[in-house]
Amino acid sequence: MPSIGRRRWAIAEGYIPGTSHGPQPEMTSHETVCILNAGDKDAHVTITVYFADREPIGPYRLTVSARRTQHVRLNNLRDPAPIPVETDYSTVLESDAPIVVQHTRLDSRQAENALLSTIAFADTE
């Protein structure tokens with residue numbers, strides 16, 4: 001089967017809530033990038049985070065094995081620096097192999113949880 005996906009993706013909307021409601025770590029408010037690598041070679045992915053009022057952070061580096069998926073909680077990224085909570089941001093993911101990217105947020109600041117999920121914007125070049 002031919003590879004599906006693109007090598008560059010953007011998520012314009014990002015925000016990690018600073019508080020949570022419910023059992024931890026399952027209900028910790030978080031943002032996740034879900035990455036599918038349906039191809040036959042490992043995908044080496046970088047994530048760069050952009051802000052309105054400061055320089056970008058990154059790249060964060062990860063590998064998604066061939067024919068696998070990986071869900072990355074952005075709250076857990078530490079190197080080169082944690083992403084600040086309660087701060088608007090955007091992300092760009094770049095890969096050396098075609099991937100598909102989905103963005104998900106769990107907002108559990110109150111007992112009535114909110115879940116947002118969307119496919120990221122794929123660069124067409």
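This is a predicted model: local features need pLDDT of at least 70, side-chain atom pairs count only at pLDDT 80 or more; totals for chains, interfaces and linings use all residues.

Q: What makes up the secondary structure of the protein, and in which pattern?
A: The protein has eight strands and zero helices. Along the sequence, the pattern reads β-β-β-β-β-β-β-β.

Q: Why is Thr 87 called buried?
A: A residue counts as buried if its relative accessible area is under 20%. Thr 87 has a relative accessible area of 13%, and it is therefore classed as buried. Thr 87 lies in the loop between strand E5 (68–73) and E6.

Q: How do you know that the side chain of Thr 87 makes a polar contact?
A: The side chain of Thr 87 reaches the backbone oxygen of Val 85 at 3.0 Å.

Q: Which residues does Thr 87 contact, leaving aside its neighbours within four places in sequence?
A: Thr 87 is in contact with Gly 14, Tyr 15, Phe 51 and Arg 54, once those neighbours are left aside.

Q: Why is strand E3 described as largely enclosed by the rest of the structure?
A: Of the eight residues of E3, six are buried, so the strand is largely enclosed by the rest of the structure.

Q: How do you know that E3 and E4 pair, and in which sense do they do so?
A: Pairing requires at least two bridges between two strands. E3 and E4 are joined over six bridges, so they qualify as paired, and the sense is antiparallel. Within this arrangement, Ala 43 stands opposite Val 64 in E4. The two strands form a hairpin, with six residues between them.

Q: What does Val 45 touch, not counting residues up to four places away in sequence?
A: Among the residues that Val 45 touches are Ile 35, Tyr 60, Leu 62, Leu 93 and Ile 99.

Q: How many residues does the protein have, and what percentage of them is buried?
A: The protein has 125 residues, of which 42% are buried. The protein exposes about 7,200 Å², with carbon and sulfur atoms supplying 51% of that area.

Key
Residues are numbered from 1 along each chain as its sequence is written. Side-chain values use heavy atoms; hydrogens and water are left out. Contact means heavy atoms within 4.5 Å. Buried means under 20% relative accessible area, exposed over 50%, partly exposed in between (1.4 Å probe, protein chains only). Helices (H or I, at least four residues) and strands (E, at least two) are DSSP runs, numbered from the N terminus. A polar contact is a pair of N or O atoms within 3.5 Å; within protein, one must be able to donate a hydrogen and the other to accept it, and residues adjacent in sequence count only if both atoms are side-chain atoms. Accessible areas come from the Shrake-Rupley method with a 1.4 Å probe; for residues, only the protein chains shown count as cover.
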